[in-house]
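Here is a short briefing for a reader new to this structure. Please look over the sequence and the model before reading on.

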Amino acid sequence: MNAVAKVDQDNVDAAPLAAVPLPAAPTAAEPARKRRPLRLLLMVSLPLALAAGGSYVWITGGRYQETENANVRQSKVSIASDAEGRIIEVDIAENKPVKRGEVLFRIDPEPYRIALAQADAAVAAARLGVEQLRASYSQAVAQERMAAGEVEYLQTQFDRQTELARKGINTKSSLDEASHDLAKAKDQQLAAIQGIASARAAIGGDPDIATDKHPSVMAAQAARDKAAWILAQTTVTAPADGVISQSTAFKAGQYVTSGTPLFSLVENRDTWVEANFKETQLTNMMAGQLAEIVLDTYPEHPFKAVVESIGAGTGSEFSLLPAQNATGNWVKVTQRIPVRLKVEGTDPAIDLRTGMSASVSIDTGVSRGLASLFGSAHAGQ
């Protein structure tokens, strides 16, 4: 009985082993082998396409040089008075537009009117002085003529006394007296000649000179013109069209001195853009090239511009403290050079204000080309 049970148990244990099927051979091995060349092709062609596209962009690029380091610039004039005095009238206000020749303010003109009257009197006195000098010259000429006649008369008397003394008719004392009178007359004639020279020099070397051509009259006239000019400067006008700025503290009643800046005038009709390009961007840049300007204030209104000039040096060269590169800790930094662009065809409805930020794109007309690509690759090696 135990033997039969053992046999049955062995049959039960062996039955499941006989029922387990053998694993079948994989049927997808051959399609996997077919996908491997396609995957390899994709892995190779994609980088090649990216490299080709990047090379094309590099070769055809570089024509347009761009920078966001740009600002609108307008001329700023410091308004000052050439005459000093107290302000009696102010015709300006902060941010007020003005036209060329429009009155800005007036200084009390009364002291300068008095100075002009004094200058007119000085001119009249100088002209009178010239007439007196001309009369003095005529008097000196007359005195010389009288002295010459006196010498001629006394010379005759001396010759007569000499002849009489030779014949023994006249005494020696009479001859000495005649000789003394003749010598005295000659000295007087010489003094009269010197008087003529002095009078001629005083009248300018020309007795017939016009009164207003005399140096003293010309000096007085110049002083008078200066007094009139200073009087005219008491009325200060705008030197150009523009907008008044920094005039909040400027009020009537202030006392101003000559040459002291009082406020500013921004000439909004003279507008340009100053763009600071990297030195590596200036290789093919030159004056006359076309450009496009986009202001941050008006991004939807691009402006046309022309390169007017390129700066003479980098910004660091004109700074108050230029960099000293002759030190041991020198580090090469790409410098920027200002480029001036003339704005063309601005819209009158758009206000351009100095200091506005802008983006600039300049068409240099020159792309990098294959040589630059090969050159860059060689430089990288």
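Predicted model: local features only at pLDDT ≥ 70, side-chain atom pairs only at ≥ 80, totals over all residues.

Residues are numbered from 1 along each chain as its sequence is written, and side-chain values use heavy atoms, with hydrogens and water left out.

**Overall make-up**

- The protein has six helices and 12 strands. Both are DSSP runs numbered from the N terminus: helices are H or I with at least four residues, strands are E with at least two.
- Of the 381 residues, 26% are buried. Buried means under 20% relative accessible area, exposed means over 50%, and partly exposed lies in between (1.4 Å probe, protein chains only).
- Among contacts with a separation of 6 or more, 81% join residues 24 or more positions apart. A contact means heavy atoms within 4.5 Å.
- The accessible surface comes to about 25300 Å², and carbon and sulfur atoms hold 57% of it. Accessible areas come from the Shrake-Rupley method with a 1.4 Å probe; for residues, only the protein chains shown count as cover.

**Helix α4**

- Helix α4 covers residues 172-202, which is 31 residues. At 1.5 Å a residue, the helix should span 45 Å, and its end C-alpha atoms are 45 Å apart, so the two agree. The expected span is 1.5 Å times one less than the number of residues.
- L175, A178, L182, A185, Q189, A192, I196 and A199 are buried in α4.
- An α-helix has 3.6 residues a turn, so residues three or four places apart point the same way.
- The buried residues of α4 pack against α3 (110-167).

**A nonpolar surface patch**

- L40, M43, V44 and L48 form a nonpolar patch on the surface. Together they have about 420 Å² of accessible area.
- Patch residues have over 30% relative accessible area and no salt bridge; like charges are joined within 9 Å, and nonpolar side chains (Val, Leu, Ile, Met, Phe, Trp, Tyr) within 5 Å.
- M43 lies in helix α2 (residues 29-60). M43 counts as exposed because its relative accessibility is 57%.

**Salt bridges**

- Side chains of opposite charge can pair when their charged atoms come close.
- The structure holds 11 salt bridges. Each is a side-chain nitrogen of Lys or Arg within 4 Å of a carboxyl oxygen of Asp or Glu.
- R106 pairs with D91, with the closest N and O atoms 3.8 Å apart. This pair links distant parts of the chain, 15 residues apart: R106 is in strand β4 (residues 103-107), and D91 is in the loop between β2 (85-90) and β3 (97-98).
- R106 is partly exposed, at 26% relative accessible area. D91 also counts as partly exposed, at 26%.
- E102 forms a salt bridge with K96, the closest N and O atoms being 3.9 Å apart. E102 is partly exposed at 26%, and K96 is partly exposed at 29%.
- R134 forms a salt bridge with E131, and their closest N and O atoms are 3.1 Å apart. R134 and E131 both lie in helix α3, three residues apart, or about one turn of the helix.
- R134 counts as partly exposed at 21% relative accessibility, while E131 is partly exposed at 37%.
- Elsewhere, salt bridges that share partners join E89, D91 and R106 into one network.
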